[in-house]
Amino acid sequence: MRNVVTIARKELNAYFQSPIAYVLIGAYAAMFGYFFWSLVYFFVRASMQAQMPGRTMPMNLNELVIRNLLGNCGVLCLFMIPMLTMRLFAEEKSRGTMELLLTSPLKDWEILLGKWVGAVGMYASLLAFSGLNLIFLFAYGKPDWKPLAVGYLGLLLQGAAMLALGMFLSSVTQNQIAAAFSTFVLLLMLWVFEWMSNMDQNVVTEVLTYVSLLRHNESFIKGVLDLKDVLYYASVSFLGLFLTARSLESLRYRG
Amino acid sequence: MIQVDGLTKRYAHTVAVDHVSFSVEKGQIVGFLGPNGAGKTTTMRMLTCFMPPSEGTASIAGFDVVKQPLEVKKRIGYLPETPPLYPDMEVGEYLQFVARIKGVPEKEVLQRSQEAAAKCFVKDVWSKLIGKLSKGYRQRVGLAQAIIHNPEVLILDEPTSGFDPKQILETRDLIKSLAGAHTIVLSTHILQEVKAMCESLVIINKGKIATSGTMEDLTRRNGAVMEVSVPDGALTAEDLSAPFSSIEGVNGVTATNDGGLWRIDVDTVTSEDLRPKLAQIVLGQGWNLYRLDSASVSLDELFLSLTTLGAEEVKQ
């Protein structure tokens, strides 16, 4: 357990020692801030229209602002996650530090779990920064905090699953760009499988719809905590970690 | 301490290491010598559990590298050819990280890292970024990393590459001072390094062991060199060599006179050391004996003869 913590701390520090963390946090804050500002702008305009006679409609911060905001965050993940995962193993391999890790008294699963936890920690700090904006909603409005918490939990679980897949792709190459791009394509494919739900229903489209990352994020964003979706993200994370473990093992044999 | 038996590493089309066997006693420094691409690094990687052998076994301190890798890894310090450093970390931070993953108890992490840094002369760059260090400093941080958990066995892959002459001398002294407490295997293709540091050596070529043994055994040729003077001074070279030719096992005697003393070279084919016999003959003849040495072959000659022979075999 101590080894996992050591590796996770090292990974988290590595993000903050390189420009990656600051670039990502800055970009994420800017995008999130823009989403937030525009959604609140529309919300305010809509609420003014709602005050006009004869056009009453219920106004709900959760539905109109938070839900859209979190949905957009999910899309942002597609771009952020590859940049977080690309260096995890590819960098160690190209720098030769993999040799240090693999000849230290560490078990493979300790290495990869540590790296994954470190990456999830970095991603969680991105999410935490986005939360700063929401303070204003609580200061000037009365949103319900429970669906918001569920939405954030969903984003975290979705990110963790994506990070595990990205980590696997980083472990099969020495080239960070290759790792990042393949991760992006994989995540994008998993994302757009959602479209299958609008096609003719058959086994293929049903399965592909089910494995879509977006599909499982929707209920979280609505504030619905569904065990089915939690299990989905947990199993995708496990799959990613498992594949990484196999990849490390084959690395030893191929040298 | 280290026992290697028939260790083999095969890749799809090549055999990188072919049935290598040797053993190293506790506290020894063993030089692993061979031309570039001979299989030194691959052998070391198998010893450090970085990659499993295709065939054969190796054990370190009684633990098998395949069956008990964690036990082996606890007991080895390894400096790969390129030191495994994180350029974005500070030296002190890096050493503490390594100490933790090597299993040093948390209370001792700082102290051990500082000790290792001091031993390897990197204390003065403790809070510098590794990426900003010169190559010599990086290599020494790599060495500090290898000794941080006080391992029983140190495996060093070309430890002095990239050093200036002063650093080479310092590092040699450092490595020599580590022997005794640690068993050290170091690979190199620099012959002076082996001469300066190692007690025994393994010469490897094309993945196979060309020869191995102690430095003295390998470089000793079973012959002798004498320097004598003859009191009455009227002898020829034939007269001087004749008494030795009749000894069993001698296959050539040459005597030369370069001004003062006669120099007599005796070549033998047996493994017996003939020096006592030679001394008796010289004294029996009434000559004065000034010098009697066993003839030795230089390490350079030995290395070249072994590794070029291998090259010819491959051509055929």
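**Notebook: chains A and B**

I started with the interface: 18 residues of chain A are in contact with 20 residues of chain B (contact: C-beta atoms, placed from the backbone, within 7 Å). This is a predicted model, where local features need pLDDT of at least 70, side-chain atom pairs count only at pLDDT 80 or more, and totals for chains, interfaces and linings use all residues. Residues are numbered from 1 along each chain as its sequence is written, while chains are lettered from A and ligands numbered from 1 in the order in which they are written.

Which element gives the most to chain A's side? I found α1(A), with five residues (helices are DSSP runs of H or I, at least four residues, numbered from the N terminus). By class, that side has six nonpolar, nine polar and three charged residues (nonpolar: Ala, Val, Leu, Ile, Met, Phe, Trp, Tyr, Cys and Pro; charged: Asp, Glu, Lys and Arg; polar: the others, Gly among them).

Next I looked up α1 of chain B, residues 40-47. Eight of its eight residues are buried, so the helix is largely enclosed by the rest of the structure (buried: 20 or more other C-beta atoms within 10 Å of its own). Just after α1(B), Cys49(B) takes a positive phi of about 65°.

Last, I checked a helix pair in chain A. Helices α3 (residues 61-85) and α6 (residues 108-140) pack at about 155°, axes 11 Å apart (axes are lines fitted to C-alpha atoms over the stretch in contact; angles run from 0 to 180 degrees between N-to-C directions). That makes α3(A) roughly antiparallel to α6(A) (over 145 degrees). Their contact includes Leu61(A) and Val65(A) of α3(A), and Ala119(A) and Met122(A) of α6(A). I noted ten nonpolar, two polar and no charged residues there.

Note on methods:
Two residues are in contact if their C-beta atoms, placed from the backbone, lie within 7 Å. Helices (H or I, at least four residues) and strands (E, at least two) are DSSP runs, numbered from the N terminus. A residue is buried if 20 or more other C-beta atoms lie within 10 Å of its own, exposed if 12 or fewer, and partly exposed in between; C-beta atoms are placed from the backbone. Angles under 35 degrees count as roughly parallel, over 145 as roughly antiparallel, 65 to 115 as roughly perpendicular and the rest as oblique.
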